[in-house]
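Here's a quick briefing to read alongside the model.

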Number of protein chains: 4
Amino acid sequence: MKSISTVRVRYAETDQMGMVYHSNFFVYFEIGRTDFFRESGFTYRMMEQDNVFMPVVECYCRYLQPAFYDDELCIQTQLEMLSRLRLKFLYQVTRKVDSRLIAEGYSVHFPTNPKGKPCRIPSKYLSALNSEGAVS
Amino acid sequence: MKSISTVRVRYAETDQMGMVYHSNFFVYFEIGRTDFFRESGFTYRMMEQDNVFMPVVECYCRYLQPAFYDDELCIQTQLEMLSRLRLKFLYQVTRKVDSRLIAEGYSVHFPTNPKGKPCRIPSKYLSALNSEGAVS
Amino acid sequence: MKSISTVRVRYAETDQMGMVYHSNFFVYFEIGRTDFFRESGFTYRMMEQDNVFMPVVECYCRYLQPAFYDDELCIQTQLEMLSRLRLKFLYQVTRKVDSRLIAEGYSVHFPTNPKGKPCRIPSKYLSALNSEGAVS
Amino acid sequence: MKSISTVRVRYAETDQMGMVYHSNFFVYFEIGRTDFFRESGFTYRMMEQDNVFMPVVECYCRYLQPAFYDDELCIQTQLEMLSRLRLKFLYQVTRKVDSRLIAEGYSVHFPTNPKGKPCRIPSKYLSALNSEGAVS
């Protein structure tokens with residue numbers, strides 16, 4: 001499964017180069033992840049209420065085209081890798097109006113308990129995610 | 001007492017008008033507050049560890065001059081009003097190089113417990129703040 | 001006219017109190033403003049391309065209830081005051097699921113040219129805004 | 001050369017996990033870069049005034065330990081690769097009080113003109129950077 005999210009670029013997200021400041025793409029990726037979980041049948045919010053957290057342990061982005069204020073962007077999110085102890089998401093951000101690829105990247109997450117200790121993803125979440133089919 | 005903090009404008013804080021995006025001044029005010037507490041003899045971090053939180057219930061800013069990337073700004077912070085149930089801070093932001101007033105504003109805080117219920121400021125913090133002398 | 005915008009709270013917008021960090025409401029207000037212009041028949045982006053900018057010269061917010069990660073929030077925006085040299089917008093932010101008022105505030109803007117010098121709002125924008133009817 | 005920058009974690013930079021939200025490390029890297037340029041004898045601000053921009057074309061971070069509100073962090077920045085058409089910076093972020101490694105990463109930049117077209121780094125900047133010695 002690939003989930004699709006849409007964001008409209010906020011003025012606050014631009015910088016004096018007149019385009020989206022690069023670190024904001026990691027916030028867009030987070031929106032993609034939130035929607036991916038929702039489409040898998042649960043919410044990340046529920047998961048945290050169940051005391052499972054998904055901190056980012058690694059992330060990467062490359063930038064192909066600038067994105068501008070008021071642009072509508074599509075964030076395509078997929079789960080590349082899933083195990084009880086590690087998840088990896090892939091993201092592609094395109095501009096809606098011209099379908100150009102703006103940026104792409106990934107994030108890696110280790111599930112933890114509220115104290116930050118590694119834990120396993122509970123079965124109900126794992127099976128919901130599994131049924132979505134990780135990429136490989 | 002007035003505490004003085006210094007920040008250098010980050011690229012991330014600019015917008016496509018080429019100046020600091022307005023909401024970032026509330027982050028500068030927060031830095032001013034953090035330093036004000038530190039100069040009063042304790043840290044806000046300690047206060048939270050003692051289960052006293054200071055959420056913002058009201059805030060205001062007016063902007064007189066734009067601030068630019070890499071500008072060094074001074075934040076002057078003072079406590080205008082202090083009671084067991086309410087604090088009000090005043091802030092003035094000036095540019096270091098030309099002493100121009102960039103922005104000024106205030107924030108009002110109600111102390112709460114970790115659940116967000118109003119609470120009283122513990123005496124040790126209150127007396128530390130009192131000895132700094134609220135403005136009026 | 002009141003325009004209505006919807007945002008979903010991002011994880012990035014929360015702080016360690018577990019709620020939306022206060023300065024982010026000014027970003028929500030900016031989204032409300034962008035949508036208000038769009039519903040008036042033009043975009044703020046167009047206006048900037050016409051060399052008219054609308055920097056914030058004053059802003060205020062008061063906070064009534066915390067907003068949480070993944071909450072859907074409605075931003076109601078209206079134009080309280082409009083002249084060729086000054087605009088004032090009012091905002092109310094409510095939580096969708098329980099209709100509670102989260103925060104309300106305002107922002108004041110002076111139109112400027114790209115160099116930051118005050119200018120008049122061009123007639124085409126002024127009449128589009130006027131036909132929406134400022135509050136008073 | 002390695003330049004050293006210091007930042008104190010802002011409340012605004014934390015999230016509801018109680019630690020620094022991951023994308024903020026790219027802002028810390030930007031501070032490191034700004035200081036690296038300054039120590040090389042010029043400022044990035046000057047470079048932009050000379051119509052040379054350094055957009056990020058790629059960036060990466062991995063997270064080893066959480067950083068907390070009010071922590072003092074050191075950002076160590078070095079130039080790993082330098083040519084007229086491409087720069088790569090490496091960053092390490094450590095916590096001052098216990099010297100623990102919090103995060104490390106890199107960013108790659110292509111110099112461009114104000115329109116975003118690739119350009120060459122002017123000789124005066126290149127030689128200033130060269131004299132600092134890229135890592136390899």
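What percentage of the 136 residues of chain A count as buried? The figure is 57%. Bear in mind that this is a predicted model, so treat what follows as a description of a prediction.

**Chain A as a whole**

- Start with the parts list: chain A has 3 helices and 5 strands.
- The C-alpha trace of chain A spans about 45 × 30 × 20 Å along its principal axes.
- A compact globule with 136 residues would have a radius of gyration near 14 Å, and the 15 Å of chain A agrees with that.
- Take the contacts in chain A between residues at least 6 apart in sequence: 69% of them join residues at least 24 apart.
- Chain A has an accessible surface of about 5500 Å², and carbon and sulfur atoms account for 50% of it.

**A closer look at His22(A)**

- You'll find His22(A) in the loop between strand 1 (3-8) and helix 1 (24-39) of chain A.
- His22(A) has a relative accessible area of 8%, so it counts as buried, the cut-off being under 20%.
- Who touches His22(A), once you leave aside its neighbours within four places in sequence? From chain A there's Tyr63(A), and from chain D there are Phe26(D), Arg33(D), Val56(D) and Cys59(D).

**Helix 3 of chain D**

- Helix 3 of chain D covers residues 123-132, and its buried residues are Tyr125(D), Leu126(D), Ala128(D), Leu129(D) and Glu132(D).
- Look down the axis of this helix and those buried residues fall within an arc of 165°, which means they line one face of helix 3.
- Lys124(D) and Ser131(D) sit on the other side of helix 3 of chain D, and they are exposed.
- What do the buried residues of helix 3 of chain D pack against? Their partners are helix 1 (24-40), helix 2 (44-49), strand 3 (72-83) and strand 4 (86-95) of chain D.

**How chains C and D are related**

- Rotate chain C by 180°, with 0.0 Å of shift along the rotation axis, and it superposes on chain D with an RMSD of 0.0 Å.
- The two copies are therefore related as by a two-fold rotation axis.
- Both copies use the same surface, as 100% of the contact residues of chain C recur in chain D.

Notes: Residues are numbered from 1 along each chain as its sequence is written. Chains are lettered from A and ligands numbered from 1 in the order in which they are written. This is a predicted model: local features need pLDDT of at least 70, side-chain atom pairs count only at pLDDT 80 or more; totals for chains, interfaces and linings use all residues. Side-chain values use heavy atoms; hydrogens and water are left out. Copies are superposed by least squares on the C-alpha atoms of residues with pLDDT of at least 70 in both. Contact means heavy atoms within 4.5 Å. Buried means under 20% relative accessible area, exposed over 50%, partly exposed in between (1.4 Å probe, protein chains only). Helices (H or I, at least four residues) and strands (E, at least two) are DSSP runs, numbered from the N terminus. The arc is that of the directions from the helix axis to the C-beta atoms. The radius of gyration is taken over C-alpha atoms; the globule rule is 2.2 Å times the number of residues to the power 0.38. Accessible areas come from the Shrake-Rupley method with a 1.4 Å probe; for residues, only the protein chains shown count as cover.
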